[in-house]
Amino acid sequence: MKPYCCSQISTTFLNLASTTLSHSFIELCDDPHLFVDGISAHDLHQGQLGNCWFVAACSSLASRESLWQKYKRHLSTTSNSQTPNSTMAKTKELSKDTRNKIVDLHQAGKTESAIARALKMKRGWVFQHDNDPKHTARATKEWLRKKHFKVLEWPSQSPDLNPIENLWRELKIRVAQRQPQNITALEEICMEEWAKLPATVIPDWKEQEWDPEKLDSYAGIFHFRFWRFGEWVDVVIDDRLPTVDSQLVYCHSNDSNEFWSALVEKAYAKVYGCYEALDGGNTADALVDFTGGVSEPVDLLEGMYAQDEAARNQMFERVLKVHNRDGLISCSIRATTVEDMEARLDCGLVKGHAYAVTDVRKVRLGHGLLAFFKSEKLHMIRMRNPWGEKEWSGPWSDRYQIYDECDVCYSSEEWNKVSKSEREKLGVTVQDDGEFWMNFEDFCHYFTDLILCRLINTSYLSIHKTWEEEVMRGSWVYRDEPLRNRSGGCINHKTTFLQNPQYVFDVRKLEDEVLICLQQKEKRATAKEGKGENLAIGFDIHRVELNRKYRMHTAQQKVAGSIYINSRCVFLKKELKEGRYVIIPTTFDPGQQGDFLLRVFTDVPSDCNVDGSGCSDVLRWNRELTLDEPPQTCWTGMCGYPQLVTQVHVLSAEGLQGQDSNGASDPYVIITCEGEKVRSPVHKDTRCPSFDIKGVFYRKKAKEGIHIEIYNKNVIVDTFLGQVTLFSEPNDRQEQHIVHLRDKGNRQDNDLPGMLTVRLITCTTLTNI
């Protein structure tokens with residue numbers, strides 16, 4: 001068998017490595033660069049691998065140069081993390097040798113050249129590694145041979161080395177030998193420096209660029225970062241790329257000496273285990289991996305955007321908003337059969353093929369002053385085929401060529417309706433480069449699926465809407481005992497559904513838009529072991545009692561739910577009213593196991609109390625509900641333990657006494673049981689409020705009544721409107737009560753205007769509600 005050989009992109013690598021490796025090497029060019037004339041969507045052309053989804057995502061990212069630079073790492077440090085000044089103070093406690101190492105670590109957090117120095121350990125060392133036994137070059141070579149490749153030059157795989165982690169290991173050994181008491185202090189310092197690393201796909205790319213004037217600084221190593229399951233992961237690769245006849249097999253650029261796209265693809269393949277794992281995938285996953293954003297799929301057929309003009313205009317505004325805020329967008333035409341995959345339509349579009357959206361504009365029609373004063377604007381969207389060819393041939397395409405008064409060649413005849421200056425702003429060209437414009441109506445007519453990857457703004461200094469993000473990690477774990485089982489399946493399985501993990505949060509505004517994303521742990525990288533299929537996952541949202549602290553055991557008011565699909569992420573956007581809610585993430589079938597990440601975003605005003613110490617915060621994320629009932633403590637014997645659980649549901653009131661000048665009121669209700677209180681939101685300008693609030697009470701005194709009071713909200717002192725006292729026992733058959741409001745104190749026998757509708761449920765088994 002002919003041995004495989006490894007290609008490289010630098011003569012320096014060849015000279016340094018030829019004395020240590022037995023493989024033959026091929027130079028791809030004499031003047032290699034990461035980037036030639038900057039970053040562009042045109043730098044990417046799909047190779048022989050069926051990963052148009054990945055290349056489309058890269059094209060979207062390439063059109064946003066700021067995304068390579070701006071995003072910062074969000075990592076939690078230890079609870080005793082120090083400020084930079086205290087870090088330096090703590091450094092003084094260590095030995096001189098240790099301080100020097102920490103200084104190197106600090107530099108590694110700022111420049112990738114320092115990372116390269118840390119990894120190569122000595123001058124002239126070239127980064128390389130033996131093949132991963134699970135994904136060897138030979139195994140992948142055999143897979144590619146099935147794709148009709150005869151000759152393949154292939155790189156060995158490199159380990160996922162973390163430069164700071166490597167320094168930490170080396171440093172920990174030295175400190176453990178000499179100063180074991182300072183291990184904790186050193187770890188805190190390392191975590192602080194780790195948190196300073198910027199989280200970009202290609203961090204400090206200028207410092208990773210090959211420089212012919214600094215040959216000694218080149219070590220054949222490249223560093224990338226991807227967002228994986230809630231954190232940014234560092235991936236380090238060597239510079240060997242698979243080729244056939246000295247030509248790159250996979251992703252490549254127009255310029256033969258530009259290699260950023262090929263190297264990013266290799267790093268991404270390494271995350272998933274091998275190139276083969278990228279043969280078919282989901283563009284939404286890649287967009288999230290590049291940005292840490294939230295991916296929202298849109299079914300254009302289901303929304304009937306091609307037929308409904310009003311809905312189409314609203315959708316265009318959504319797409320434009322995502323684009324203008326640096327979001328990434330992809331689209332495709334659904335293939336319903338195997339034969340449809342990559343079938344070309346008469347209009348030039350390709351089915352079952354991912355396209356990158358590279359621009360979204362409102363184009364002004366007309367020329368000169370007429371265009372300036374004319375209000376008509378056309379909704380336009382620009383896309384790119386990862387193949388770098390085969391474009392749309394309909395209106396606004398490159399199909400027809402029109403020459404203006406300056407003999408400048410433009411595309412289809414529709415572009416003649418647009419002024420020259422407007423065309424120049426849009427960058428209209430007539431080239432078969434895979435990039436083309438369509439009006440949004442035609443887009444909705446032909447394309448079936450749209451993916452919007454939102455980059456959620458969490459900065460309070462931004463002029464755009466600010467969101468508050470909360471992240472929870474959990475697992476679906478099957479156990480035989482029902483109260484301990486955490487894999488109950490979807491709501492179709494009524495007996496086990498509430499055995500899933502449960503997460504509670506409060507919405508503090510009258511109405512708030514909430515974004516929820518459920519992500520399961522990626523299984524693509526384990527496909528070799530037969531574990532590559534994702535679970536069908538989804539979630540439901542239930543509105544619960546305002547004081548709910550323990551797990552739900554009976555289903556309550558379901559207010560929203562996601563679809564169930566075997567994709568990595570499931571997304572839902574929902575307007576929720578003020579109250580307390582429980583999210584229940586599930587697999588479709590019970591008994592399935594896996595890890596998940598739950599992300600919740602909500603609108604937060606600038607004056608919110610983010611620490612939750614007050615009541616002005618919009619959303620307060622509490623925790624996972626883990627306890628089924630109140631725990632027994634050392635005080636239980638003295639203070640007693642609940643014997644009953646009662647759910648109080650105040651539905652509505654009618655005929656309340658008017659308090660305002662217009663004869664209405666601003667009522668709210670307070671439920672009190674054994675010293676615990678639940679208060680509803682204020683209902684404005686009504687004498688017949690629909691309260692629809694619940695409270696759950698674990699009661700020690702079965703004979704004690706439940707008090708419900710109604711007040712009118714005033715600026716200084718609230719006005720009492722009436723009260724009722726109800727009693728509830730497990731054997732009560734009547735759950736719903738309609739009662740007259742009474743006065744308080746020595747006048748409580750007197751009726752006051754108004755009726756109250758209440759539903760009571762009481763059980764002796766504390767895990768029944």
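A polar contact is a pair of N or O atoms within 3.5 Å; within protein, one atom must be able to donate a hydrogen and the other to accept it, and residues adjacent in sequence count only if both atoms are side-chain atoms. The model is predicted, so local features need pLDDT of at least 70 and side-chain atom pairs count only at pLDDT 80 or more, whereas totals for chains, interfaces and linings use all residues. Residues are numbered from 1 along each chain as its sequence is written, and side-chain values use heavy atoms, with hydrogens and water left out.

**Annotated positions**

The side chain of Asn-385 reaches the backbone oxygen of Lys-390 at 3.1 Å. Asn-385 is found in the loop between strand E10 (377-384) and strand E11 (402-403); helices (H or I, at least four residues) and strands (E, at least two) are DSSP runs, numbered from the N terminus. With a relative accessibility of 0%, Asn-385 counts as buried, a term that means under 20% relative accessible area, while exposed means over 50% and partly exposed lies in between (1.4 Å probe, protein chains only). Leaving aside neighbours within four places in sequence, Asn-385 is in contact (heavy atoms within 4.5 Å) with Val-350, His-353, Tyr-355, Lys-390 and Gly-434.

The unreviewed UniProt entry carries the annotation "active site" for Cys-52, His-353 and Asn-385. Such positions are given in the numbering used here, feature names are shortened, and annotations may be inferred rather than shown by experiment.

His-353 is placed in the loop between strand E8 (328-332) and strand E9 (354-364), and is buried at a relative accessible area of 1%. Not counting residues up to four places away in sequence, the residues that His-353 touches include Cys-52, Glu-342, Asn-385 and Trp-387.

Cys-52 is one of the buried residues of helix H2. This helix spans residues 52-62 and is mostly covered, 11 of its 11 residues being buried. The cover over the buried residues of H2 includes helix H10 (260-272), H11, E8, E9 and E10.

**Salt bridges**

The structure holds 25 salt bridges, each being a side-chain nitrogen of Lys or Arg within 4 Å of a carboxyl oxygen of Asp or Glu. Three of these pairs are set out below.

| Pair | Closest N and O atoms | Burial |
|---|---|---|
| Asp-289 and Arg-228 | 3.2 Å | Both buried |
| Arg-568 and Asp-285 | 3.5 Å | Both buried |

Salt bridges that share partners join Arg-228, Asp-285, Asp-289, Glu-522 and Arg-568 into one network.

Asp-289 forms a salt bridge with Arg-228. Asp-289 lies in helix H11 (residues 283-291) and Arg-228 in strand E3 (residues 221-228), so the pair ties together parts that are 61 residues apart in sequence. Arg-568 lies in the loop between strand E18 (557-561) and strand E19 (569-587), and Asp-285 in helix H11, so this pair ties together parts that are 283 residues apart in sequence.

**Further buried positions**

Val-696 lies in strand E25 (residues 693-699) and is buried, at a relative accessible area of 3%. Apart from neighbours within four places in sequence, the contacts of Val-696 include Glu-545 and Arg-548. The C-alpha atoms of Val-696 and Leu-546 are separated by 8.0 Å, although these residues are 150 residues apart along the chain.

Asn-500 has its place in the loop between strand E15 (467-476) and strand E16 (503-520) and is buried, with a relative accessible area of 0%. A polar atom of the Asn-500 side chain lies 2.9 Å from the backbone nitrogen of Gly-488, and one lies 2.6 Å from the backbone oxygen of Phe-497. Beyond four places in sequence, Asn-500 touches residues that include Trp-476, Arg-551 and Ile-584.

**A nonpolar patch on the surface**

Which residues form a nonpolar patch on the surface? They are Val-715, Ile-716 and Val-717, with about 400 Å² of accessible area together. Patches are made of residues with over 30% relative accessible area and no salt bridge, with like charges joined within 9 Å and nonpolar side chains (Val, Leu, Ile, Met, Phe, Trp, Tyr) within 5 Å. Accessible areas come from the Shrake-Rupley method with a 1.4 Å probe, and for residues only the protein chains shown count as cover. Val-717 is found in the loop between strand E26 (706-712) and strand E27 (719-726), and is exposed at a relative accessible area of 61%.
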